[in-house]
Amino acid sequence: MRIGVLTGGGDCPGLNAVIRAVVRKGIKAHGWEIVGFRNGWQGPIENLTKSIELADVEEILTRGGTILGSSRTNPYKVEGGVDRIRETIAANNVDAIIAIGGEDTLGVAKRLTDDGIGVVGVPKTIDNDLGATDYTFGFDTAVHIATEAIDRLRTTAESHHRALVVEVMGRHAGWIALHSGLAGGANVILVPERPFNVDKVVEHVERRFESEFAPIIVVAEGAMPEGGAEVLHSGERDAFGHVRLGGVGQWLAEEIADRTGKESRAAVLGHIQRGGTPTAYDRVLATRFGLHAVDAVAAGDFGTMVALRGTDIVRVKLSEATAELKTVPAERYEEAEVFFGA
């Protein structure tokens, strides 16, 4: 068999670990040939391929990003995109594709399966918002990076008696904000799932100042004030209809300064959260996902995604995995509220 593998959507620590596991097991256990498609779904559309041998994955386990490149290409938005994928698969004698990505990449994988192309999905996103899996790789690394940033920012905030607003990624789900905020001892955590009351945030900030400590506010990029709207970095939309968010941290810092008379600063972590070497947890999870994706291909179990349930790797239907986003439930947010303003 010849198996194609691609990485789509935003880059993420652990992608190379999946590729490494697919290549190692595919070649050593099954004698398959592995074909890498470059730049996400753009690869099979434009026949951008490269053969991947064992030597190619020898030293990629600890590397961030992806050796195959990525893009936010949507074949269903490209004229003749699906037919061109069929042509590329036929020209390269590819029997199946392992697609590593988040909701958009796997949404395409689900549609391609419906159109008769054999695809197995691997869940990837630092946002941890993909349904049907307890965790996605990349999330632990992003939380670790955000938590370290909060720890560092706390010392400068205390030195200057400032409020510090830390903006982290999270378009529709606040998992990074919740976990890094709890781990970093934030005094307020704001997530997209719960519109926030600015007056209440200011109360928490003033209470923190009264105790002679500097307040730390962690806010997800998609968080919104009550009755407000998302803060957009630009109005442009990508191939999947997403606008670029960013700026809520700066807006909130200015509101806090105006209402309290205290100095307030914003720090936007942005793509720092995506970069660098993956944590040990993400390396292990990504490796296990890759191994089990090969098993799914060997079994001909297409239209599925490998997923983490407890400590086990299972297979779920792509339709289940992409049906809805996994957002922060109310009870998890209420746990964090105990520490607000304290």
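## Aromatic pairs

Rings of Phe, Tyr and Trp, the last represented by its six-membered ring, are taken to pair if their centres lie within 6.5 Å, and by this criterion the structure, which is a predicted model, holds four aromatic pairs. One of them joins F196 and W251 in a tilted arrangement, with 6.5 Å from centre to centre and 55° between the planes. Because F196 lies in the loop between β7 (188–190) and α7 (198–210) while W251 belongs to helix α8 (residues 248–260), the pair ties together parts that are 55 residues apart in sequence. F196 is buried, at 4% relative accessible area, whereas W251 counts as partly exposed, at 30%.

Another pair, formed by Y333 and F340, is edge-to-face, with 5.8 Å between the centres and 75° between the planes. Y333 is buried at 4% relative accessible area, and F340 is buried at 9%.

## Charges over rings

R111 lies over the face of Y76, 3.7 Å from the ring centre, and the charged end of K262 sits over the ring of F209, at 5.2 Å from its centre.

## Nonpolar cores

The largest nonpolar core has 80 residues, and those with the most contacts inside it include I19, V122, F137 and I217. Helix α5 (residues 139–160) gives the most to this core, namely eight residues. Since both domain 1 (2–137 + 278–322) and domain 2 (140–275) give residues to this core, it lies between them.

Leaving aside residues up to four places away in sequence, V122 touches, among others, I98, F137, F289 and M305.

Technical notes:
Residues are numbered from 1 along each chain as its sequence is written. This is a predicted model: local features need pLDDT of at least 70, side-chain atom pairs count only at pLDDT 80 or more; totals for chains, interfaces and linings use all residues. Side-chain values use heavy atoms; hydrogens and water are left out. A nonpolar core is a set of buried Ala, Val, Leu, Ile, Met, Phe, Trp, Tyr and Cys residues joined through side-chain atoms within 4.5 Å. Buried means under 20% relative accessible area, exposed over 50%, partly exposed in between (1.4 Å probe, protein chains only). Helices (H or I, at least four residues) and strands (E, at least two) are DSSP runs, numbered from the N terminus. Domain bounds come from an automatic or database domain assignment. Contact means heavy atoms within 4.5 Å. Rings of Phe, Tyr and Trp (its six-membered ring) pair if their centres lie within 6.5 Å; planes under 30 degrees apart count as stacked, over 60 as edge-to-face and the rest as tilted. A charge sits over a ring if NZ of Lys or CZ of Arg is within 6 Å of the ring centre and within 35 degrees of the ring normal.
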